[in-house]
Amino acid sequence: MGNVLIVDDESAISAYLAKLISGLGHHVATASSASEMLAKLERGDCHLIIADILLPDAPVPTAWIQELCRRAKGKPVVLMTGAPSPELIACATKCGVHAFLSKPFELAFIKDILKTVFGG
Amino acid sequence: MADKIKLGVTFFDDCFGGVSSGCQVLCHGRSGSGKSILACHFLNQALLDGDAALLLTGGRARDTITVAEGFGMPFSKAAADKQLTLLEYASFMQDQDASANPMLPPQAFMDLQAVIERHSVRRLVFDTVLPWVDIHPVTRIAEHVYSFTHALERLGVTSLLTLTTSVSDPSFTLKNRLEDDCPVAIHLDYSQGAHRVAKVTKYLGAPRALSAPMPFVIVPGTGIVSEAPPALP
């Protein structure tokens with residue numbers, strides 16, 4: 001079991017993922033902005049970050065991905081967005097992002113992602 | 001590069017060598033253009049290859065079995081043997097539609113995932129794809145279609161998506177988005193007094209208008225066959 005940080009300004013998505021992930025026995029923390037997320041990340045007790053790319057206070061997406069991965073310090077990062085551009089996918093790949101999930105359908109694969117990160 | 005599997009329509013497979021395993025194939029055209037029959041060929045090819053297949057139909061499953069059996073495709077036995085699973089939207093997506101909460105994956109998609117895993121489905125037909133991607137507002141269609149096709153890719157099944165096209169703007173928008181995101185697109189058409197034609201408008205990401213129109217007929221007992229004369233040896 002691990003600690004999962006979910007970051008999305010859409011409360012419906014945060015609530016959906018939090019319910020699903022906590023139902024699998026993991027500890028969940030949520031943040032609704034980039035600044036809140038970075039503050040929680042500084043505590044250092046997070047094992048997996050699931051973050052939206054478009055947040056109100058985040059920089060442009062490519063810069064945000066780079067900053068997020070840098071602050072994650074090697075912890076797996078899963079990104080969520082609508083339809084990502086090839087540029088975003090290339091940036092995420094270069095930064096070592098664990099997975100890229102497009103909303104809404106690919107959110108259904110979050111259980112598979114958790115299995116690959118935490119095993120079981 | 002993914003292995004190729006046959007689509008199940010001889011003239012297409014002869015010309016293109018099949019489709020990549022795990023890809024999404026869009027088959028679009030007007031009502032009555034032959035999309036559902038092409039879907040039967042796709043499912044029948046799965047049965048011939050020993051793969052488990054699943055059909056999600058907007059009509060009645062028993063009608064599909066009757067039509068397929070009329071073309072010599074053993075759907076009845078395959079359904080009894082659990083190699084072919086037939087589901088109807090009317091019961092599978094009851095009281096649901098893609099617009100219910102466009103931010104979240106529909107419960108029906110999770111149900112579909114479960115069916116695919118339970119039956120080890122390798123090929124999947126949505127006849128029609130409309131209930132999954134017809135969302136409002138229309139500005140969300142691009143994201144929705146992108147996510148749907150990528151989710152199918154993640155499922156690891158080879159999918160055929162049929163779409164009845166009309167002359168309305170939303171219909172064109174939807175068709176164009178699906179055509180953008182599906183690696184293979186086939187347009188079926190007919191006109192009164194003229195032959196039916198299939199045109200492959202996209203093939204594994206290659207430019208559109210790739211093939212010349214392929215004339216075909218629907219033959220009782222056989223299904224879709226090329227109307228072109230046999231090639232000389």
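I started with strand 9 of chain B and its link to strand 10 (residues 214-219) of chain B: three bridges, and the two strands run antiparallel. I note that this is a predicted model. Then I looked at the pairing of strand 9 (residues 196-203) of chain B with strand 8 (residues 184-189) of chain B. I found six bridges there, again with an antiparallel run.

**Sheet in chain A.** Next I went to the open sheet of chain A. It has five strands in the order 2-1-3-4-5, paired in parallel. Which strands stand at the edges? I get strand 2 (27-31) and strand 5 of chain A; each has a single partner strand, so one side of each lacks a neighbour in the sheet. From one strand to the next, the twist averages 20 degrees. I also checked strand 1 (residues 3-7) of chain A against strand 2 of chain A, and they pair in parallel over five bridges. There A:N3 has A:H27 in strand 2 of chain A as its bridge partner. Helix 1 of chain A packs on this sheet, where I see it touching strand 1, strand 2 and strand 3 (48-52) of chain A. The direction of helix 1 of chain A makes about 170 degrees with that of strand 2 of chain A.

**Contact between the chains.** I looked up who takes part: 14 residues come from chain A and 16 residues from chain B. On the side of chain A that touches chain B, helix 1 (residues 11-23) of chain A gives the most, with three residues. I sorted the residues on that side of chain A into nine nonpolar, two polar and three charged.

**Helix 8, chain B.** Last stop was helix 8 (residues 141-155) of chain B. Its 15 residues reach 21 Å from first C-alpha to last, close to the 21 Å expected at 1.5 Å a residue. How many of its 15 residues are buried? I have twelve, so the helix is mostly covered, taking 20 or more other C-beta atoms within 10 Å as buried. Among them are B:H144, B:Y146, B:F148 and B:L152. The buried residues of helix 8 pack against strand 5 (99-102) of chain A, and within chain B against partners including helix 6 (107-119) and helix 9 (169-181). After helix 8 of chain B comes B:G156, with a positive phi near 80 degrees.

How values were computed: Residues numbered from 1 in each chain as written. Chains lettered and ligands numbered in written order. Predicted model: local features only at pLDDT ≥ 70, side-chain atom pairs only at ≥ 80, totals over all residues. Pairing = 2+ DSSP bridges. Helix = DSSP H or I, 4+ residues; strand = E, 2+ residues; numbered from the N terminus. Contact = placed C-beta atoms within 7 Å. Nonpolar A, V, L, I, M, F, W, Y, C, P; charged D, E, K, R; others polar. Expected span 1.5 Å × (residues − 1). Axes fitted to C-alpha atoms, helices over the stretch in contact; angles between N-to-C directions.
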